[in-house]
Amino acid sequence: MERRSIGAGALTVGAIGLGCMPMSWAYAPSHRRGEESLAAVHAALDLGSSLLDTADVYGPFTNELLLGRVLRERRSEAFVSAKVGLRAGDQHVVADGRPGYLRRACDASLRRLRTDVIDLYQLHRVDPDVPVEETWGAMAELVGAGKVRALGFCALGAGAGPGAGRRGDRAYATTVRHLERAQQVFPVSAVQAELSVWSPEAAWQLLPWCAARGVGFLAAMPLGSGFLTGTLTPGEGFESQDVRARHPRFTAYAMASNQGLVAGLRRVAGRHGPDVTAAQVALAWVLAQGPQVVPVPGADRAHWAAENARAAEVRLTAGDLAEIAGLPVAVEAWD
């Protein structure tokens, strides 16, 4: 698989990563199978998807424990991207950017992951009660201590969700201000945010910021939380603990209205061969947004992880990209 750089340093990863969140958190609890998730991680590594994206809040903690079982055997093949700064409560999560908490959380993640160092340690959310310089400085100390190799800034949620498209490039204005402040303390090696065919907002402001500074960009939810794969049926519904059950793009109305996006991806896929899927075209579109972009699609089954990894072989033409650019804008439940 093609390799891409994370930041201006010598850190490189496979062009497509593996998002591990669905294995332990946020989606369909009844579908979680530990052994099948382990097989997905192994399949990703086999095909060169070296970046494994996790967080201590996923589970919480169980996602890191699961990855630790793989890393015990295959640490040299993996690039570990972990997140810190969110704590799970009974019914909610809260940001915690206090230096003492970050240090304890890092040590705990290292134990669960069964590794001596985290390749990319990302701030999951900015704590509104702690200056970002203070949080980032504590994370920089972890680099100095040899526990972390590089730092990343996770902007998930800033431009995603209801009404994001209407806010345009203002969706990430606050994130950019935080990045500018953090950059004065210690280099930002990567920024992670949602980027997909149906949520392109990050490409309007965050991606240019990264490109101008040699910062890597991790594209979260590049398959639109599964919608862009074309495997979800409008009206089928989701389990109550599945985040999509409360998302305005996953009502029966919105899913039916957005089928034109999937149909367009399938048309493009058909021109690239009978085995190319809509999901692979969606990932190829993300790859085409810039050489520093690494899509991180979530998967908890080996066959999905393998399908995603092989999207790195799909090369979209200028005509393909123009056709995708002309697809309908995704609608929300109230549009």
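## Loops, sheet and cores of a predicted model

Q: Where does Ala-26 sit?
A: Ala-26 lies in the loop between S3 and H1. The model is a predicted one.

Q: What is its phi, then?
A: Phi of Ala-26 is near 80 degrees, which is a positive value in a residue other than glycine. Most residues other than glycine have a negative phi.

Q: Is Ala-26 buried or exposed?
A: Ala-26 counts as buried, because its relative accessible area is 10% and the cut-off for burial is under 20%.

Q: Which other residue has a positive phi although it is not a glycine?
A: Phe-61 has a positive phi, of about 75 degrees. Phe-61 is placed in the loop between S4 and H2, and its relative accessibility of 40% makes it partly exposed.

Q: What about the peptide bond from Gly-59 to Pro-60, cis or trans?
A: That bond, from Gly-59 to Pro-60, is cis, with omega near 0 degrees. Pro-60 belongs to the loop between strand S4 (51-53) and helix H2 (62-74). Most peptide bonds are trans.

Q: Back to the loop between S3 and H1: where is His-31?
A: His-31 is found in that loop, between S3 and helix H1 (34-46). With a relative accessible area of 47%, His-31 is partly exposed.

Q: What does His-31 touch, leaving out residues up to four places away in sequence?
A: His-31 is in contact with Glu-239, Asp-300 and Arg-301. His-31 and Asp-300 are 269 residues apart in sequence, and their C-alpha atoms are 9.0 Å apart in space.

Q: Changing topic, what is the strand order in the open sheet?
A: The open sheet has 8 strands in the order S3-S4-S5-S8-S9-S10-S11-S12, and the pairing is parallel.

Q: Which are the edge strands?
A: Strand S3 (18-19) and strand S12 (293-296) are the edges, each pairing on one side only.

Q: How many bridges join S9 to S10?
A: Strand S9 (residues 148-154) and strand S10 (residues 190-194) are joined by 3 bridges and run parallel. Cys-154 has Gln-192 of S10 as its bridge partner.

Q: And how many between S10 and S11?
A: S10 and S11 pair over 5 bridges, in the parallel sense. Here Glu-194 is partnered by Ala-220 of S11.

Q: Why is S11 described as largely enclosed by the rest of the structure?
A: Strand S11 (residues 216-220) is largely enclosed because 5 of its 5 residues are buried. Both of its faces are covered: Gly-216, Leu-218 and Ala-220 are buried on one side, and Phe-217 and Ala-219 on the other. In a regular strand the side chains alternate between the two faces of the sheet.

Q: What does Phe-217 contact, apart from neighbours within four places in sequence?
A: Phe-217 is in contact with Val-191, Ala-193, Leu-195, Ala-202, Leu-206, Leu-207, Cys-210, Gln-292, Val-293 and Val-294.

Q: How many residues has the largest nonpolar core?
A: The largest nonpolar core has 88 residues, and those with the most contacts inside it are Tyr-121, Leu-206 and Phe-217. Helix H10 (residues 278-287) gives the most to this core, 9 residues. Another core lies apart from it, with 11 residues, including Phe-79, Leu-120, Leu-218 and Val-294.

Q: On to the helices: at what angle do H3 and H4 pack?
A: Helix H3 (residues 99-113) and helix H4 (residues 132-144) pack at about 35 degrees, and their axes are 9 Å apart. Their crossing is right-handed.

Q: Which residues make that contact?
A: From H3 they are Pro-99, Leu-102, Arg-103 and Cys-106; from H4 they are Glu-134, Thr-135, Ala-138, Met-139, Glu-141 and Leu-142. By class, the contact of H3 with H4 has 6 nonpolar, 1 polar and 3 charged residues.

Q: Which strands does H4 lie across?
A: H4 lies across strand S5 (79-84), strand S8 (118-123) and S9, and runs at about 155 degrees to S9.

How values were computed. Residues numbered from 1 in each chain as written. Predicted model: local features only at pLDDT ≥ 70, side-chain atom pairs only at ≥ 80, totals over all residues. Heavy atoms only, no water. Axes fitted to C-alpha atoms, helices over the stretch in contact; angles between N-to-C directions. Helix = DSSP H or I, 4+ residues; strand = E, 2+ residues; numbered from the N terminus. Left-handed = near helix turned anticlockwise from the far one by under 90°. Contact = heavy atoms within 4.5 Å. Nonpolar A, V, L, I, M, F, W, Y, C, P; charged D, E, K, R; others polar. Pairing = 2+ DSSP bridges. Core = buried A, V, L, I, M, F, W, Y, C linked by side-chain atoms within 4.5 Å. Buried < 20%, exposed > 50% of the residue type's maximum accessible area, 1.4 Å probe, protein only.
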